Amino acid sequence: MIADIRHLDGKGNGQAVIWRENELGNPKKLKLTIPQTLPGETVQVVVDQPEKKRRKVMPEKVISANPDRVEAPCPHFELCGGCVWQHWSYGGQLKHKTEFVKEALRSVGQDPDLVLDTIGMDEPWHYRNKMEFTFSPEGELGLHEQGNFRNIIPLETCLIAGRNMVDAAMEVRSWTKDHGLKGYDKDAHEGLLRHLMVRESFATGEIMLALFATEAPTDELEAAAADLIGRITKKFTNVKSLLWLVNTDWADRTQSEETFVLAGRDFIYDELGGYRYRLWFDTFFQTNPVQAQKLVDLALKMGKPQEDEKMIDLFCGVGTFSLPFAARVKELAGIEIVETSIESAKRNALDNDLHNTTFLARDARRGIDEVHESWGLADLLLIDPPRSGAGGKVMRRIGRAQPKRIVYVSCNPETFATDIAELLPFGYTLQNVQPVDLFPHTVHVECVALLTLDE
């Protein structure tokens, strides 16, 4: 059966519609999701269970290829769900991401010409400074299969993670096999090893290895833990934090009920833009430091912070944007609902000798009200919400507060578009939108945008 790829879904898979006859000889429309295909391609597919209106099938053959199709360099690409666009030239990916942001603006009645070309990377490989690998019940270490969350693809390499991170992870994998340790079975809720988190500071070179298990490293596991310490500290002197974290919860998350520091400390140091940060296993920090620096630089350029201004950093996290802005304004208030992030932001400000900051563990609307009650209205507001966006209530609260300039940093162009639409009735004009590619070979794209209050 022949299928023409019209567009891509939100996960980067090709979408096609074909017609075939049902048992009565009447035409029936089938909607197909076809991974590893690109817009404009014609592919051959085999459709099982044609009675279903929606089907996900793999391409049997590419009959007519997109001119930007390339050979995927990773040996795990066809199965691994880590990145879905290695078969697309990097230039083709960037053009698609630009058009995606433009379409998001167009959907809310904004001028798509305000969107600039996406800023890519000179070297779009080995860019991630954090990875979360999963153990299979057999003790293999890898990533989830595309479209099958329960199946783990054992990895020999990873082309988007830092090289040192991959080497350290492969050593942990060897240790697991040598000791015959089993992974966690999500269905039976039994087994020892669940996840391995690897963090690396590209600035300082420090690495964190965090092993998540269902038991503490005591009694019969004491010898295995001692061997792990010996292997890692001997081969990887840049590992400054080796952790064993206990997680017995059924939820498939990297969380800890009890933390054992096997070697080093429970955090590592990282730097961005000349500012130093402490990162714990659960600290949110931009996972692409090269492009994250571009985000910060763009935010500063658009926001134009002045030394006599007051500023709010909404959804501030550990202070990634707060610190460079605080060095340029009179006062800065950071608002974040996660208390551990606020404590980290306070510590990071002190580590960098910044004393004009206030950090509040509050939800966005309450935090804005408290800041305004304590020192008045802000001249500048920066917002960096999660993928779900800030939401209409928060955006309308910002609109009523009337900051002169708003810098919006987004990791989801669709929620960004709906959020900024809420500001327009309050007298704001969108000036420009700069997409930045923080996640090459994936569907994700970040944006930095400036809105100004009409005079």
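Student: In β23, which residue is the bridge partner of Arg405?

Tutor: The model is a predicted one, in which local features need pLDDT of at least 70 and side-chain atom pairs count only at pLDDT 80 or more, whereas totals for chains, interfaces and linings use all residues. Residues are numbered from 1 along each chain as its sequence is written, and side-chain values use heavy atoms, with hydrogens and water left out. Strands are DSSP runs of E with at least two residues, numbered from the N terminus, and two strands pair if DSSP finds at least two bridges between them. Strand β21 (residues 405–410) runs antiparallel to β23 and is joined to β23 by six bridges, and in β23 the partner of Arg405 is Thr452.

Student: How many bridges join strand β22 to β23?

Tutor: Within this pairing, Asn432 stands opposite Leu450 in β23. Strand β22 covers residues 428–436 and runs antiparallel to β23, and the number of bridges joining them is eight.

Student: How many of the eight residues of strand β23 are buried?

Tutor: Buried means under 20% relative accessible area, computed with a 1.4 Å probe on protein chains only. Strand β23 (residues 446–453) is largely enclosed by the rest of the structure, because its buried residues number seven.

Student: Which residues touch the most other members of the largest nonpolar core?

Tutor: A nonpolar core is a set of buried Ala, Val, Leu, Ile, Met, Phe, Trp, Tyr and Cys residues joined through side-chain atoms within 4.5 Å. The largest such core has 87 residues, and those touching the most other members are Val172, Trp175, Leu196, Leu209, Leu211, Trp244 and Phe325.

Student: How many residues does the other core, among them Val115 and Leu451, hold?

Tutor: This core lies apart from the largest one, and Ala378 and Ile398 are also among its residues. The number of residues in that core is 32.

Student: How much space lies in the largest cavity?

Tutor: A cavity is a set of points on a 1 Å grid, over the protein atoms alone, where a 1.4 Å probe fits but cannot get out, and lining residues have an atom within 4 Å of a point. Of the 13 residues that line the largest cavity, Cys74, Cys80, Cys83, Gln86 and Cys158 lie nearest its centre. With points joined across faces, edges and corners, and volume taken as the space filled by probe spheres set on the points, the space in the largest cavity is about 90 Å³.

Student: Which elements give two or more residues to the lining of the second largest cavity?

Tutor: That lining consists of Asn129, Lys130, Arg199, Glu200, Ile268, Asp270, Leu279 and Phe285. The elements that give two or more of its residues are β11 (193–200) and β15 (268–272).

Definitions and conventions:
Buried means under 20% relative accessible area, exposed over 50%, partly exposed in between (1.4 Å probe, protein chains only). On a 1 Å grid over the protein atoms alone, a cavity is a set of points where a 1.4 Å probe fits but cannot get out, and a pocket is an open set with protein on both sides within 12 Å along at least five of seven lines; lining residues have an atom within 4 Å of a point. Helices (H or I, at least four residues) and strands (E, at least two) are DSSP runs, numbered from the N terminus.
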